[in-house]
Amino acid sequence: KALVETTYTLPETSPAPKAFVLVSKVSKLDGHASYAMVRGKKRYIYEFAIKLTWEWKDEESAAKGSMTFPDFDGTCELGEGYEMTDWSVDEASASGLNPLLDRFVKNGGFRDAIHESLDDWVRRFRETY
């Protein structure tokens, strides 16, 4: 649920200060999560492949696309980010959007917000079990 609620608003100093990006759909979420006791210590085991659809909106433009995180698993350290593949822009109302989408969706900003949502899930998983 937290992943679907992920949003990012571009900073006031950006070229599009009122723009925001949101997760419009999690189109794929395959995997599993469990824990095991090994020599008296809990080990958290999780592995997911995630594909999500995003939307960019501001007063003058709109865009839609998708990104995939194929290896969201326990080998990734919190705060280190997650590998992203299959980045695509499926619709864009203006051709000049591509540099903004690359900077604030694909390579930072929104992608960082997604990483933080995934890290939060890991923290809740560990706290719950």
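User: Which residue forms a salt bridge with arginine 123, the closest N and O atoms being 2.6 Å apart?

Analyst: Aspartate 120 does. Keep in mind that this is a predicted model. The general idea is a cut-off: a side-chain nitrogen of Lys or Arg must lie within 4 Å of a carboxyl oxygen of Asp or Glu. At 2.6 Å, the pair of arginine 123 and aspartate 120 counts, because that cut-off is 4 Å.

User: How far apart are arginine 123 and aspartate 120 along helix H2?

Analyst: They are three residues apart, so about one helical turn separates them.

User: Which other residue meets the side chain of arginine 123 in a salt bridge?

Analyst: Glutamate 116, at 3.2 Å from N to O.

User: How do I read the exposure of glutamate 116?

Analyst: Glutamate 116 has 39%, so it is partly exposed. Arginine 123 has 33% and is also partly exposed. Aspartate 120, with 28%, is partly exposed too.

User: How many salt bridges are there by this rule?

Analyst: Three. One of them joins lysine 57 to glutamate 55, with the closest N and O atoms 3.4 Å apart. Lysine 57 is partly exposed, at 33%. Glutamate 55 is buried, at 18%.

User: Now helix H1. Which of its residues are buried?

Analyst: Leu100, Leu101, Phe104 and Val105, in a helix that runs over residues 98–106. To read a helix face, look down the axis. The buried residues of H1 fall within an arc of 100°, so they line one face of the helix. Pro99 and Arg103 are exposed on the other side of H1.

User: In what sense do strands E3 and E4 pair, parallel or antiparallel?

Analyst: Antiparallel, over ten bridges. A hairpin of four residues joins E3 to E4. Then check a facing pair: tryptophan 54 stands opposite glycine 65 in E4.

User: Over how many bridges do E4 and E5 pair?

Analyst: Five, and the sense is antiparallel. For a facing pair here, take alanine 63, which stands opposite alanine 92 in E5.

User: Last feature. Which residues form a nonpolar patch on the surface?

Analyst: Tyr35, Met37 and Tyr129 form it. Together they have about 340 Å² of accessible area. A patch member needs over 30% relative accessible area and no salt bridge. Tyrosine 129 has 43% relative accessibility, so it counts as partly exposed.

User: Where is tyrosine 129 found?

Analyst: In the segment after helix H2, which spans 110–128.

Conventions
Residues are numbered from 1 along each chain as its sequence is written. This is a predicted model: local features need pLDDT of at least 70, side-chain atom pairs count only at pLDDT 80 or more; totals for chains, interfaces and linings use all residues. Side-chain values use heavy atoms; hydrogens and water are left out. Patches are made of residues with over 30% relative accessible area and no salt bridge: like charges are joined within 9 Å, nonpolar side chains (Val, Leu, Ile, Met, Phe, Trp, Tyr) within 5 Å. Accessible areas come from the Shrake-Rupley method with a 1.4 Å probe; for residues, only the protein chains shown count as cover. Helices (H or I, at least four residues) and strands (E, at least two) are DSSP runs, numbered from the N terminus. Buried means under 20% relative accessible area, exposed over 50%, partly exposed in between (1.4 Å probe, protein chains only). The arc is that of the directions from the helix axis to the C-beta atoms. Two strands pair if DSSP finds at least two bridges between them.
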